[in-house]
Amino acid sequence: MQNNSVKERKTFYLLLSIPALVVTITVFLLPLYFVFSRAFSEGPEMALKTLLDSYTWRLLGFTVYQAFLSAIISVSLALPFALFFSHYSFFGRKAILTMCDTAFALPSILAVLGFVVWYGNNGILNSILISLGLVEKPIKFLFSFPSVILAHVYLNFPVALSLLTSALSNMDEKEEMASRTLGKGRLKTFFSTTLPKIRGTLLSSFLLIFLFCFPSFLIVMSLGGSPKYYTIEAEIYRRTYTDVNTVSSSSLALFSFCIMALLILFTGYGREEKRSSRARRAIRRTKGLKSLEAFILSLLILLFILPPILSILYRAFFTKDGSFTLKAWNDIISKAPTGAGTGLSAIINSIVIAITSSLTAVSLSSAIAISSVRRKSRIVPLLTSLPMAAGSVSLGLGFSFLASSIRGKTLLLSYILVMLAHLVTVMPFAIRTMMPGAKRIPERLEYASMSLGKSQYYTYRKIDRPMLSPYRRRAFAFAFALSMGEVNATMALAEGKVTTLSILIYKMINQYNYQGASALALLLLILAITVFSIGEREEKNAIS
């Protein structure tokens, strides 16, 4: 009887996940199929020629190099800060960690704009240095390889700091105390005891950042300043829309997907890490020199993160010469600054697309997460991480091929395809956000419900889904923020027919309209952070 019940339970959760898996896999494989078909449309020899070309391997080498460098610098810089933040409590600690958490919601287009306004040749930083007499002429930093790496570190250092601080704070410090009792110094204790215990978090943080930076497109195109700094994704875009060589770009997209898929599968990125202990480290208040150290470390973080963001806020209301103006805000409603609709229409497009794709992603991810946990399946979360292997430019390219194969392409079709591209982009993150929540639902509640004669569907509807609600809200907030900031796939797919807020900001940057771009960017930042912060608060309330 019990075996039959277990079998029925597994069957129910399998059937529950099938529609979500079918939709997810179909939406992901459909554009991938069109990319692969185009790659081999002129025979396998053309695809092989692209893949065996020495330039392709140079592209791969540089793509791996910049992603590795960005990840290793981000994690290495974050580790000493995380060690201090996990040991001591001080004024501003919670605010800084909250700011790092919300870095997940920071769209890369904001980093690009912030860097241009703050670090640019005519940017605010150079203006300050010249006015103080510290330099005679502007320091030329942008449009170089260092600016690309710094932008990647800017986006990912807070992520690494948040992950490492959380891991170190949740460590049981008994082994460290025992090591110190045996006469080992702090440095030796760190390398012999602490470092091995957070090795998994270090590796997963590095891998996460590497996977973010490998398909880098927007930062490379905007801040690199030269084709020699192109990643594979940037080269795919160039070959498609500049050279109009879709066979070559599709072959390159196939090559990139295979590399990224192997990385995800071999490293098991989609699997949830096991936690060996529930003990938490005792965090002490800072005193004396430790308070000064806390102040210096906090100041360094703020001086790194805040200036580009604050420069956007400043330029949204002030001209280059410092005059206050609301012209950019009036233009958002009344003017079409790029010939692609008003700023208001772009805002509406972004919100509609983000809400639709995020709600769909949450609905599909809920079924997949609960089913994977109840059936103890590790392969499903891993497979659903594979859309990360297909860069957003490649996905946009695939959807554009799909659109061209449909007769009578309409504006509605363009909207639908953009929403599907956003859905594929946010799905892996929505699933990973909900997996911990699904694991927190006690199985005993389900067994108790079934022992009272309730059906499996009733148990799922009345127990599983309500207990997953805080994580569903956080997954929605995360997906919403990602969708609002998405540029790559939309730019590759929409062909100017669907203009989102991020696309409009990108176009205005290229037209050197930094004040208009800053006004729109401020709106994007407020929307993304507000929604994401609500989701973060809901999850923390659920955990507490």
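**Before you start.** This is a predicted model, in which local features need pLDDT of at least 70 and side-chain atom pairs count only at pLDDT 80 or more, while totals for chains, interfaces and linings use all residues. Residues are numbered from 1 along each chain as its sequence is written, and side-chain values use heavy atoms, leaving out hydrogens and water.

**Whole chain.** Show everything as a cartoon. The chain has 24 helices and 2 strands. These are DSSP runs numbered from the N terminus (helices: H or I, at least four residues; strands: E, at least two). Of the 544 residues, 53% are buried. Buried means under 20% relative accessible area, exposed over 50%, and partly exposed in between, with a 1.4 Å probe and protein chains only. Take contacts (heavy atoms within 4.5 Å). Among those between residues at least 6 apart in sequence, 81% join residues at least 24 apart.

**The core.** Select Ile-109, Leu-223 and Ile-505. They touch the most other members of the largest nonpolar core, which has 166 residues. Such a core is a set of buried Ala, Val, Leu, Ile, Met, Phe, Trp, Tyr and Cys residues joined through side-chain atoms within 4.5 Å. Helix H19 (residues 411-439) gives the largest share, 15 residues. Now zoom in on Ile-109. Beyond its neighbours within four places in sequence, Ile-109 contacts Leu-218, Val-487, Ser-502, Ile-505, Tyr-506, Ile-509 and Leu-524.

**H16 and H21.** Select residues 343-374 (H16) and 456-484 (H21). Their axes lie 8 Å apart, at an angle of about 140°. Axes are lines fitted to C-alpha atoms, for helices over the stretch in contact, and angles run from 0 to 180 degrees between N-to-C directions. The two helices are therefore oblique to each other. Angles under 35 degrees count as roughly parallel, over 145 as roughly antiparallel, 65 to 115 as roughly perpendicular and the rest as oblique. Show side chains: among those that meet are Ile-351, Leu-359 and Arg-374 in H16, and Tyr-460, Asp-464 and Phe-476 in H21. By class, this contact has 14 nonpolar, 5 polar and 3 charged residues. Ala, Val, Leu, Ile, Met, Phe, Trp, Tyr, Cys and Pro count as nonpolar, Asp, Glu, Lys and Arg as charged, and the others, Gly among them, as polar.

**H18 and H19.** Go next to H18 (residues 392-404). The axes of H18 and H19 come within 10 Å and cross at roughly 150°. H18 and H19 are therefore roughly antiparallel. Leu-395, Phe-399, Leu-402 and Ala-403 of H18 touch Leu-417, Leu-420, Ala-421, Val-424 and Thr-425 of H19. The contact has 8 nonpolar residues, 1 polar and no charged.
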